[in-house]
Amino acid sequence: MKHVKSNGAGGRGVKRAVGERNAEATGRAAPKRPDPELVERARRRKFTAEYKLRVLREADACSGAGEVGALLRREGLYSSHLSTWRQQRDQGALASLGRTRGRRKRHPLEAEVGQWRQRAERAEAELAKARKVIEVQGKVSALLGVLLEPGSATREESSER
């Protein structure tokens, strides 16, 4: 069993292991500060096309040993950034990088056309239902007309009673 002693600083009946300290026991509490090294939520860095081109121009202008490394350290970049950005520049992709990512906004007329299409589809569905109802009503009317004709079996049966 561990050696346990009461140190009296934590109040009556509190027992701690030998050598254990608590902030309350020392009389000073450790302040709760956020760690400056940690970010609450990690975010992906976004570089504009102008920034990429500026860094590439500076990197291409470096001629001495270690100048590119100093540039990368100063800007907080990796060498893979430079190689990727050079490929993009050579392919002409940096010109199109200035645009924002995501879906393009729809033209207002396209939205209106979509609404009209939905209304037309609903109207066509209602028309199809109405045609079926009319067809059923015609069949029922024809059936009842046959049954109610003079001389039909139902009239003869009802007159006999």
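These are my notebook entries on a predicted model of one chain.

**Ground rules**

I number residues from 1 along the chain as its sequence is written, and my side-chain values use heavy atoms, with hydrogens and water left out. Since the model is predicted, I take local features at pLDDT of at least 70 and side-chain atom pairs at pLDDT 80 or more, while totals for chains, interfaces and linings use all residues.

**Entry 1: the overall layout**

I started with the elements and found 6 helices and 2 strands. Helices here are DSSP runs of H or I with at least four residues, strands are runs of E with at least two, and both are numbered from the N terminus. From that end, the order reads β-β-α-α-α-α-α-α.

Next I looked up burial: buried residues make up 9% of the 161 residues in the chain. Buried means under 20% relative accessible area, exposed means over 50%, and partly exposed is in between (1.4 Å probe, protein chains only).

I also checked contacts, meaning heavy atoms within 4.5 Å. Of the contacts with a separation of 6 or more, 43% are between residues 24 or more positions apart.

**Entry 2: the nonpolar core**

Which residues form the largest nonpolar core? I listed 9 of them: Tyr51, Val55, Leu56, Ala59, Leu71, Leu72, Leu77, Leu82 and Trp85. Such a core is a set of buried Ala, Val, Leu, Ile, Met, Phe, Trp, Tyr and Cys residues joined through side-chain atoms within 4.5 Å. Helices H2 (49-61), H3 (67-75) and H4 (79-91) each give two or more residues to this core. The largest share, 4 residues, comes from H2. As a general note, nonpolar side chains tend to be buried together in soluble globular proteins.

I then picked out Leu82. Setting aside its neighbours within four places in sequence, I see Leu82 in contact with Val55, Leu56, Ala59, Val68 and Leu72.

**Entry 3: H2 against H3**

How do H2 and H3 pack? Their axes are 10 Å apart, at an angle of about 155°.

From H2, the contact uses Tyr51, Arg54, Val55, Glu58 and Ala59, and from H3, Val68, Leu71, Arg74 and Glu75. By class, I get 5 nonpolar, no polar and 4 charged residues. Nonpolar covers Ala, Val, Leu, Ile, Met, Phe, Trp, Tyr, Cys and Pro; charged covers Asp, Glu, Lys and Arg; the others, Gly among them, are polar.

**Entry 4: salt bridges**

I count a salt bridge when a side-chain nitrogen of Lys or Arg is within 4 Å of a carboxyl oxygen of Asp or Glu. That rule gives 7 of them.

- Glu75 pairs with Arg74, closest N and O atoms 3.4 Å apart, and Arg74 is exposed at 56% relative accessible area.
- Asp90 pairs with Arg89 at 3.8 Å, N to O; Asp90 is exposed at 62%, while Arg89 is partly exposed at 32%.
- Lys139 pairs with Glu135, closest N and O atoms 3.4 Å apart. Both lie in helix H5 (residues 108-147), 4 residues apart, about one turn of the helix. Lys139 is exposed at 54% and Glu135 partly exposed at 46%.

I also noted that salt bridges with shared partners join Arg54, Glu58, Arg74 and Glu75 into one network.

**Entry 5: His81**

Is His81 buried or exposed? His81, in helix H4, is buried at 17% relative accessible area. Not counting residues up to four places away in sequence, His81 touches Arg45 and Phe47.

Methods: Axes fitted to C-alpha atoms, helices over the stretch in contact; angles between N-to-C directions.
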